[in-house]
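Dear colleague,

Please find the structure below, together with a short account of what was found in it.

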Amino acid sequence: QVQLAESGGGFVQAGGSLRLSCAASGRRFSINDMGWYRQAPGKQRELVAAITSGENPNYADSVKGRFTITRDNAKNTVYLQMNSLAPEDTAVYYCKWETRRPGSSIIYTYWGQGTQVTVSS
């Protein structure tokens, strides 16, 4: 079982920045892929950014050039640096953690509790 602790959400004016953190604890295997998703009111949850064990990042088109996902394996933490925030970035942001053994197709998936990000115009 993996426990995820998210932090860093809050209220910011348009053009501002926030940094989200997601720290993992508990049992994990050697391959860990992490991601950030968000869900705005009345909308489906969507991928914002993801990073693999090989540290290859992937971004939604709407955040490319503004958001950066990084990971610190020593701290078992994934970060989302969000710059040039806009009102449309307002949502609850969720951390997703996937862990598996090398060569295994069985993936264990865990979600954080979510952190609110509100951007005012």
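**An open sheet and a buried lysine**

Thr70 has Tyr79 as its bridge partner in β8. This is a predicted model, in which local features need pLDDT of at least 70 and side-chain atom pairs count only at pLDDT 80 or more, while totals for chains, interfaces and linings use all residues. Residues are numbered from 1 along each chain as its sequence is written, and side-chain values use heavy atoms, with hydrogens and water left out.

Strands are DSSP runs of E with at least two residues, numbered from the N terminus; two of them pair if DSSP finds at least two bridges between them. β7 is joined to β8 (residues 77–82) by 6 bridges, and the two run antiparallel. Asp72 stands opposite Thr77 of β8. Their hairpin has 4 residues between the strands, and Asn76 there takes a positive phi near 50 degrees.

β8 also pairs with β3 (residues 18–26), again antiparallel and over 6 bridges, with Cys22 opposite Val78. Of the 6 residues of β8, 5 are buried, that is, under 20% relative accessible area with a 1.4 Å probe and protein chains only.

The 4 strands form an open antiparallel sheet in the order β1-β3-β8-β7. β1 (2–7) and β7 (67–72) are at its edges with a single partner strand each, so one side of each has no neighbour in the sheet.

Elsewhere, Lys96 lies in strand β9 (residues 91–100). Lys96 counts as buried because its relative accessibility is 16%.

With kind regards

Definitions and conventions. Buried < 20%, exposed > 50% of the residue type's maximum accessible area, 1.4 Å probe, protein only.
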